[in-house]
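This report describes one protein chain for a reader who is new to structures. Please look at the sequence and the model before reading on.

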Amino acid sequence: MAFMTKYLLPILVLFLAYYYYSANEEFRPEMLQGKKVIVTGASKGIGREMAYHLAKMGAHVVVTARSEEALQKVVSHCLDLGAASANYIAGTMENMTFAEQFVTKAGKLMGGLDMLILNHIINSSLVFFHNDINLVRKNMEVNFLSYVVLSVAALPMLKQSNGSIAVISSVAGKIAHPLIAPYSASKFALDGFFSSLRTEYLLSKVNVSITLCVLGLINTETAMEATSGILSEHAAPKEDCALEIIKGAALRKEEIYYGTSYWNALLLGNPGRKIMEFLSLRKYKFDRLLND
């Protein structure tokens, strides 16, 4: 008990104070003016709305999705809204070669990269899992592995700009949900990988932020169609959701929570995990690894 009072309680108080009060910088739209931003999954829904917000802020934008026709419309509207530049590269994130080459091409179009927003997913229906291993594989490849490929390809440019990565995840990547087991697995994987990577960047002094965006039900056409008649929950507006993602990435927050339930941020963002992660670092001897 004396040990707790003398050491652990002061550490806990300091950690909680840092966790809750260290990110008080106010967002300003001009933070994105002239910034070079990639948005994946940008032909519709949240991705399209993010592209439009970025355009209004005067950013350079490169968008991608499978539908070339839809991307052409998005780019045209981005230019109308005031984007410093807007381009698209159509392709599928099922192809890891495309994912890697896309980042290189986008960087050349913009002359660098400041922010990578990873938003694409494979469409999934709400059904019980019936041992479809191929469905699990596709979800992991598109919703997780391609995110890793894209971030690895973007890292050299992001290091140069001290840039940011926004990883779009879900409440289904924090707590178990029925009917979406493969999708949920891919979102849990995002949290595990990118939260670990964030810690490694901190330890190795890589000044690239990673923001995990934990979303509830959003009123995109895809989500509304998938949940119709199955899920009874009010959906949050995609326009506001898109803006909150951009704000979180610009302010270099570790996590943001967005949806209609305020309980998500309160309960899922609890500091217990952060405290355990903080304390667990004391068990490692990083000197040898960092000097290699």
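The text below covers the sheet, the helices packed around it, and some aromatic side chains.

The model is predicted: local features need pLDDT of at least 70, side-chain atom pairs count only at pLDDT 80 or more, and totals for chains, interfaces and linings use all residues. Residues are numbered from 1 along each chain as its sequence is written, and side-chain values use heavy atoms, with hydrogens and water left out.

**The sheet**

Helices (H or I, at least four residues) and strands (E, at least two) are DSSP runs, numbered from the N terminus. Strands of a sheet pair through backbone hydrogen bonds, either parallel or antiparallel. Two strands count as paired if DSSP finds at least two bridges between them.

Here 7 strands form an open sheet in the order 3-2-1-4-5-6-7, with parallel pairing. Strand 3 (85-88) and strand 7 (255-258) are at the edges with a single partner strand each, so one side of each has no neighbour in the sheet. On average, neighbouring strands of this sheet are turned by 15° against each other, direction ignored. Angles run from 0 to 180 degrees between N-to-C directions, and axes are lines fitted to C-alpha atoms, for helices over the stretch in contact.

Val62 has Asn87 in strand 3 as its bridge partner. Tyr257 in strand 7 has Val214 opposite. From strand 7, Glu255 and Tyr257 point one way, Ile256 and Tyr258 the other way, and all are buried. Buried means under 20% relative accessible area, exposed over 50%, and partly exposed in between (1.4 Å probe, protein chains only).

**Helix 4 and its surroundings**

Helix 4 lies across strand 1, strand 2 and strand 3, and runs at about 160° to strand 2. What describes two packed helices? The angle between their axes and the distance between the axes do. For helix 4 (residues 96-110) and helix 5 (residues 133-161), the axes come within 9 Å and cross at roughly 35°. Contact means heavy atoms within 4.5 Å. Residues of helix 4 that meet helix 5 include Met96, Phe102 and Gly107, and among their counterparts in helix 5 are Glu141, Leu145 and Met157. The residues of this contact divide into 10 nonpolar, 2 polar and 2 charged. Ala, Val, Leu, Ile, Met, Phe, Trp, Tyr, Cys and Pro count as nonpolar, Asp, Glu, Lys and Arg as charged, and the others, Gly among them, as polar.

**Aromatic pairs**

Rings of Phe, Tyr and Trp (its six-membered ring) pair if their centres lie within 6.5 Å; planes under 30 degrees apart count as stacked, over 60 as edge-to-face and the rest as tilted. By this rule there are 4 aromatic pairs. Two stacked pairs are listed here.

| Pair | Distance of centres | Angle of planes |
|---|---|---|
| Phe98 and Phe102 | 6.0 Å | 25° |
| Tyr284 and Phe286 | 5.3 Å | 20° |

Phe98 and Phe102 are both in helix 4, 4 residues apart, about one turn of the helix. Phe98 is buried at a relative accessible area of 13%, and Phe102 is buried at 0%. Tyr284, at 53% relative accessibility, counts as exposed. Ring pairs also link Phe144, Phe193 and Phe194 into a cluster.
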